[in-house]
Amino acid sequence: MKWPQLPSRDSLQWRLTVGSAVLLTVLWIAAAVATGLVLREEIDEVFDSALQEVAQRVLPLAYIELLNRDEDATGSPTAQMVPTVDPHSEYITYIVRDAKGRPLLRSHDSVPDNFPTDLSPGFRDRSGQRFYTESGVSGTLFVTAAERLGHRRSAANKALLALVWPLAVLLPLSIAGVSALLSRSLSPVSAWQRQIEARGRGNLTPVGATGLPSEIATAAASVDRLIERLARALQAERSFTANSAHELRTPIAAALAQTQRMVVELAAGPILDRAAAVETSLRDLSRLSEKLLQLAKAEGGGGLSAEPHDLGIVLTYVLDELCSSGTAGDRIVVTLPPIGAVLSSIDCDAFAILARNLIENALKHGTTVEPVVVALTPEGVFSVVNGGPVLSPDDLERIGRPFERGATFAGGTGLGLAIVEAIAKAAGGHLELLSPAAGRADGFEARAYLPVHVAQNEQR
Amino acid sequence: MRILLVEDDPILGMAVRDQIAADGHTVDWMKRLEEASDSVRTVDYELILLDLMLPDGRGIDFLRTLRLSGDTTPIMVLTALDQISDRISGLNAGADDYLVKPFDLAELSARIGAVARRYGGNPNPLFEVGDLTIDKAARTVHRGGRAVALTAREWSLLEAFMARPYALLSKAQIEERLYSFDAEVESNTIEVFVGRLRRKLGQDVIETVRGLGYRLGRGKDGDHRRP
C-alpha cells in the first residue's frame, strides 16, 4: 500500500493543517475548561442544596428522637448513634448538638471532633469538608451536616475528563480531515504548480489553468500574461536575428560575387590584387557576421523547442551540407546512433549550429593527417575529436571565451566555441573541452552534453 | 545548359548570371516568381537556380508547385535562409541542392555541374567518345591524349550533345539550349558552332541528319562509352 506523500513543511497545505489542528486543540481545551468551571459551580450548588436538605430533614426527626429518649442519671445528654440498616460509607454525615455544643445524635460515619464548634447557621468550609448548620427548637437544637469536598472535586473532574478525552480521537481525525479537504481544495493549485514546473526552459505557452481559487486565479492570470510577453519578446528577438541574417547575407553575397567576377575578369596587376584583397575581406566579414548572429541567437535563448527532434537525422543533414560544400573532404569519420535513438528537446537549428561549429573548428585546427571523429551517443553526448598537440589547461579555459583563439595559424573568428557553449547552456546542457582527447595521448576533444527526451529514456 | 535564375537582388543576380554564362551555359534571369512561372511553361530548362525570398512570394511554394505538377527539372536553392530547418524544408520540398548565401561562384559552378551530371544519370564526370575524353567537372577535352581548348559556347554545345548521346537534337532545340530569351540568333549560328566543334574534335564527332538536326557521332571506331 502506498501512503499519501506528506506535504512539504513550507507548503500551504502543511501550514493550514497544522494551524487548524493547533487552533482546534486550544479552542477545545478552553471550551472544556470553561465548561468544567461552570459545571463545578452547578455541582456545588446541587451538593450544597443536598447538604442543606439533609440538615433540615434531620432536625425534626432528631427532635422527636430526643424527646423519646431517656436521660441518664447525671442529667447530661449522651450522644447516640443512629442505628444503621446496613454498614455503608456515607458521603454526607451529620451531628445533632445542643446549644452548648454537646453532641446528642450523630450519623455512624461522623467524627464529632471534625465538626466546627461554631453553631451559627449556614455554610462553612473546614479541613477539606463542607458543613451546613441548621438550628431549631428556639435555638436549643443544632444539626450540622458535613460532606467531603474531595467528593465534589472528583465529580467535577470526572465531568471535565469526559469533555476532554474525545479530543484525543478528534484531533487526529480533524488533522486528517482538514488535510484531505485542503488537498482536495488545493489540487487545482498543485496542478497549476506542476504545469508551470513542466514549462521548463523552452516552453513558453500560457498555462491556462482552470478551477483555481479566486485568490490564486489572479496570480495565475498574471503569470500567463507574463509568459506571453516573454514569448513575444523572445520571438521578436529571434525574428530580428533571423531577419538580420537574411538582410545581411544578401548584400554580402552580392558584393562577394561581384568581386569574384571582377577577380576573374581583371588582368594581372595591382587592381586585381586589390580586388583579391577585397574578396578576402568580404569572406572574413561574411564569416564574422554569421558567427555574431549565431552567438546573439544562442545567448538570446531559444535553445529548446516544444517538440523533440532526432539529433541523428539533423546531424546527417549537417554532414551532408559540410561535405557538399567541400569543407569536409574525406576527413570526417562519423559514428551515428540508430534513427530515433537520440530524441532531444534542443532546437534543431541550434544543434545544427553547434555541430557545424565544432566540426568546422576540428577541420580547421586539427592536423590534416588525422581524421576528425564525430560521434553522437544515445545518451545525448555529441563529441568531436581532432588530432593535434596537447593544449594546456589555461589554453583550454581561454579558447572557450568569445574572440579568444588557440595558438593556431588557421583563420577564424574565435567565436565558435563560445557559440557552442551558449547553445549547450541554453538547452540545459554543457560543453566540456578535453586535451588530450579521451583515450589518446594527444589531440583535442569537444563534448556537448545535450538534454535527451525523457520519454525516450523511459522507453529504453 | 539552359538555366533559369530566379533572384530578385540585381547585384547578386548580375554576378551569378555572368558566372553561369562564363561557364558556357545559357541563362534566363527572372526577378519575380510570376515571370519564372511563365518561363518554365515556355522553355524546358535543364536547371533552375531559385531564391526563396522573392518580392511576390516564397520560392519554396514555387518549388512545391512545380514538383506537384510533375516537373522534374533539377532545382538548386540559393538562399540567405541558413538554418538547418530551412535546408531540410527545401530539400524535402524537392530541391536537388541547397546553397546558402554568401557563396563562392566557383562552388556554385561546381554544384551546377554536379546536379546536371546527377540528372544526366551519370554522376561520373568522365565521358568518352571515340578518341575523345571529356571531363565534365573539370570542363576539359582531350583528343588522342592532347588537350583541346573550347570556347564557352562550344563547350555548351558539346554538353548539349553529351546530355543525350544518341538522341537527335533539332536546330531549334539547340538554339533554345544555347541562347536566352533576349539573345539575337543568326540563322546560320548553329551550323557555325557545329563546324568549329568538328574542326577541333573530329569531323565524325557530330553527325548531321539532313533536314532534322544533329546528333553525337560514334567516333572513328563507331563506339562511345560512358564509364
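**Chain contacts and helix packing**

Biologist: Which residue forms a salt bridge with R283(A)?
Modeller: D104(B) does, and the closest N and O atoms are 2.6 Å apart. A salt bridge here puts a side-chain nitrogen of Lys or Arg within 4 Å of a carboxyl oxygen of Asp or Glu.

Biologist: How many salt bridges between chain A and chain B?
Modeller: The count is 3. This is a predicted model, where local features need pLDDT of at least 70 and side-chain atom pairs pLDDT 80 or more, while totals for chains, interfaces and linings use all residues. Residues are numbered from 1 along each chain as its sequence is written, chains are lettered from A in the order written, and side-chain values use heavy atoms, without hydrogens and water.

Biologist: What area is buried between the two chains?
Modeller: About 2400 Å², with 57% from carbon and sulfur atoms; that is accessible area (1.4 Å probe) lost on putting the two parts together, summed over both. R249(A), R261(A) and Y317(A) supply 27% of what chain A buries against chain B, more than any other three residues.

Biologist: Switching to helices: at what angle do helix 1 and helix 2 of chain A pack?
Modeller: Helix 1 (residues 12-67) and helix 2 (residues 149-164) of chain A pack at about 150°, with axes 9 Å apart. Helices are DSSP runs (H or I, at least four residues), and axes are lines fitted to C-alpha atoms over the stretch in contact, with angles from 0 to 180 degrees between N-to-C directions.

Biologist: So which orientation is that?
Modeller: Helix 1 of chain A is roughly antiparallel to helix 2 of chain A, a label for angles over 145 degrees.

Conventions
Helix = DSSP H or I, 4+ residues; strand = E, 2+ residues; numbered from the N terminus. Parallel < 35°, antiparallel > 145°, perpendicular 65-115°, else oblique.
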